[in-house]
There are 2 protein chains.
Amino acid sequence: MIAAFYQNKDKHYVAVDCIIMGFRDNELHILIAKRPFEPLLGGWSLMGGFVNEFESINDAAKRVLDEFTGIEDIYMEQVGAFGDVNRDLVRVISIAYYALVDIEKFDTSLAEKYDARWAKITQLPELIFDHSLMVKNTLNLLQRRAAVKPIGFNLLQEQFTLPTLQSLYESIYQEAIDKRNFRKKILAMDILEKLDEKDKSSSRKGAFYYRFIKEKYDQLIQQGLHFSI
Amino acid sequence: MIAAFYQNKDKHYVAVDCIIMGFRDNELHILIAKRPFEPLLGGWSLMGGFVNEFESINDAAKRVLDEFTGIEDIYMEQVGAFGDVNRDLVRVISIAYYALVDIEKFDTSLAEKYDARWAKITQLPELIFDHSLMVKNTLNLLQRRAAVKPIGFNLLQEQFTLPTLQSLYESIYQEAIDKRNFRKKILAMDILEKLDEKDKSSSRKGAFYYRFIKEKYDQLIQQGLHFSI
DNA sequence: TCAAAAGTGTTAGTGTTACACCCATGA
DNA sequence: TCATGGGTGTAACACTAACACTTTTGA
């Protein structure tokens, strides 16, 4: 019988915790919620949930992401498993995922429902358990990923200006980038389409909108392009 | 009561699977074992074990590594969690770790005990479940890590020659490296100590032994050195 | 003396960094 | 007209990649 081999093994609670990132006011933000119950009532935490018996861990993460943002089809990637015995109040193994969302699509009614808010990554409060560590590892991973994959666009709306795109990367890497070098590099890849419209919300002159052309990117990758910022 | 919150949640078997890597005959090898029981009797698999109730997932990995190699204090890093519902015969969530060992320290009696063997990474047989995927992800991760961290030395003995070190990196990246450029780069970092002794096992002239000086590396890192191959 | 692997520098080219001024616009 | 952020090119420098011959030694 198959089950015999597993019979005497311990079983564990397994959770997913999501580092949901958005971009607003030229800064990365993370969605955090105030814990509504004891113990640690009022402590800030990431968005999480338990993995169900007939659900893959990826599906669990997608479910949690949808539940707390109201957005489906979110870009996400696993950060890793966190399994210290005492990381939670009872023994729970948690698998962290980070997600990149267009903050404009966020269902703000959920913020009230879960007592959640978008916190600037530079001004995060202390989080419960090992959630601060999860965020730290995520930022690390994001910095490595964003340098070689065009995932940053997931944080922006369909149309965005180059100044906005640049400030996004500046926020990810926490450092200033030279305007001319940045433009040269991103435009040289030839994966953006310049639109006719301008965004005049942050200057009188206005900045042209651009659009990421995924099809072109995919095609160029086939031909050996290496995305790099 | 604390437990109330968790009460109705599902529990899961959680395993660790280890991608144990060694270097021999100028090639990366992975330790795999023949499954000694049905179903899938005789199928090749990675080294694994279940996570116990009062054991962190890292400790579980260390336990498994020691059990199958006879070596303590092994360099290891988590690859990630694998949690498809049907990845195993029953629902098991597995956390993969890769480990880099000095293959000379391997307790060969364990190879018989577990019907294990070191398989060349270029000639791996098909593995059971999602183990081949785990290896693929590991190789990816290793390539990224080895380029910026001096972890390759964990695969070698205390003393090694530059030709050996080079062939190690050639095996990791599956591509030839220019001898002169490689030496220039690695020696420029000034983290190796040249010894007086030569290894004459692979040439009449003999190649000088070198040693990685961890203390010096740590010190230089403080001063802003970036390891890079 | 020869075969076989170890060891050694230079150059061209590519990519990266640093840097300053004009433009368009609304108030 | 002026204040503000958007937009543009070039030159020095650093790094990378390409490349061939000499040395040592045991058989």
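Of the 229 residues of chain A, 50% count as buried, meaning under 20% relative accessible area with a 1.4 Å probe and protein chains only. This is a predicted model, in which local features need pLDDT of at least 70, side-chain atom pairs count only at pLDDT 80 or more, and totals for chains, interfaces and linings use all residues. Residues are numbered from 1 along each chain as its sequence is written, chains are lettered from A in the order in which they are written, and side-chain values use heavy atoms, with hydrogens and water left out.

Chain A holds six helices and ten strands, taken as DSSP runs (H or I, at least four residues, for helices; E, at least two, for strands) numbered from the N terminus. Its C-alpha trace spans about 65 × 45 × 30 Å along the principal axes.

Turning to one helix pair, helix 4 (residues 162-173) and helix 5 (residues 179-188) of chain A pack at an angle of about 100 degrees with their axes 11 Å apart, the axes being lines fitted to C-alpha atoms over the stretch in contact and the angles running from 0 to 180 degrees between N-to-C directions. That makes helix 4 of chain A roughly perpendicular to helix 5 of chain A, a term that covers 65 to 115 degrees. In contact (heavy atoms within 4.5 Å) are, among others, A:Tyr169 of helix 4 and A:Phe182 of helix 5 as members of the two sets that meet.

Finally, chain B can be laid on chain A with an RMSD of 0.0 Å by a turn of 180 degrees and a shift of 0.0 Å along the axis, superposed by least squares on C-alpha atoms of residues with pLDDT of at least 70 in both. The two copies are thus related as by a two-fold rotation axis.

Technical notes
Angles under 35 degrees count as roughly parallel, over 145 as roughly antiparallel, 65 to 115 as roughly perpendicular and the rest as oblique.
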